[in-house]
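Hi,

Here is the structure I promised to send over.

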Amino acid sequence: VYSISVSGDLPIIDEAKLSKFGVTVDMSTNPVFTFGDKKQENPVVIVGAGPAGMLSALVLAEHGFKVKLIERGGSISERKQQVEVFNKNRILDENTNIQFGAGGAGTFSDGKLLTRINDPKINYVLKRFCDFGAPEDILTAAKPHIGTDLLLGTVDNMLKEIERLGGTVMYRTRLDGISENADGGALAHTTRGDIPCSAIVLATGHSSRDTYKMLLDSGYMIEAKSFSVGVRIEHLREDIDRALYGDMAGHEKLGKGEYHLSDTSSGRGVYTF
């Protein structure tokens, strides 16, 4: 499977002819964001500094909107310190840890950026990560991977850019409630006081159970999405290479062997990733 990006003057593509060979053509470009022109008196409050929250704050700040990004956990530097304390001494900071803090839960997971979603916005997101320090090969790799060492700096750079553009990043700030105003605005009740806002973006991630309970108790409608439960399985690389490549296992031009298995025959999907 190839994803090809081409610029410049292009010849007319006969999609009907290509479809006979099973080739699909996507002429879309990066998504274009549109914004209203109504004067914004109060900032947009964005709850959660994970990928969704950071990108929301960045796009709005770049287009001149006032934004306040609140995060219950600490900054990258504080988060690194608290993770080290937990690993060494098993002392848990309930708000700044592997799950909570700048960059969200994925900052320390060192995982693949694999979404399985065919959405053009994914290219935009990956490009923005590159803008702030991620390796450019994530734009073309089938299973893009930044790695925790680089991701820490990338996240920090993105958050600093939001502040440079006039946005505010408030760490150690948890959303505890929402009041809606008659004029369409709202008041975000936080552990650091009330914040008047023109809109609230909830980018809280899956671990903020107290936030979801607050929303339910306040009468908001919540729709649950499907989720996956994972189990880590480790194999010796030599065994996987031998199973896939046979006598050619270990050849320098083949690289590391990878596999993908899935089964949906029981009605509930099981798959590897």
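First off, helices H2 and H5 cross in a left-handed way (the near helix is turned anticlockwise from the far one by less than a right angle). H2 covers residues 51-62 and H5 residues 148-164, and their axes (lines fitted to C-alpha atoms over the stretch in contact) come within 9 Å and cross at roughly 35°. Helices here are DSSP runs of H or I, at least four residues, and strands are runs of E, at least two, numbered from the N terminus. On the H2 side, Met54, Leu55, Ala57 and Leu58 make the contact, and H5 brings Val155, Met158, Leu159, Glu161 and Ile162 (contact means heavy atoms within 4.5 Å).

This is a predicted model, with local features needing pLDDT of at least 70 and side-chain atom pairs 80 or more, while totals for chains, interfaces and linings use all residues. Residues are numbered from 1 along each chain as its sequence is written, and side-chain values use heavy atoms, leaving out hydrogens and water.

Back to H2: its buried residues include Gly53, Val59 and Leu60 (buried is under 20% relative accessible area, with a 1.4 Å probe and protein chains only). Strands S1 (44-47) and S2 (67-70) are among what covers the buried residues of H2, as are helix H4 (121-131) and H5. Just after H2, Gly64 has a positive phi of about 85°.

Then there's Glu71, in the loop between S2 and helix H3 (76-89). Glu71 is buried, at 5% relative accessible area. A polar atom of its side chain sits 2.8 Å from the backbone nitrogen of Ala49.

Cheers

Technical notes: Axes are lines fitted to C-alpha atoms, for helices over the stretch in contact, and angles run from 0 to 180 degrees between N-to-C directions. Buried means under 20% relative accessible area, exposed over 50%, partly exposed in between (1.4 Å probe, protein chains only). A polar contact is a pair of N or O atoms within 3.5 Å; within protein, one must be able to donate a hydrogen and the other to accept it, and residues adjacent in sequence count only if both atoms are side-chain atoms.
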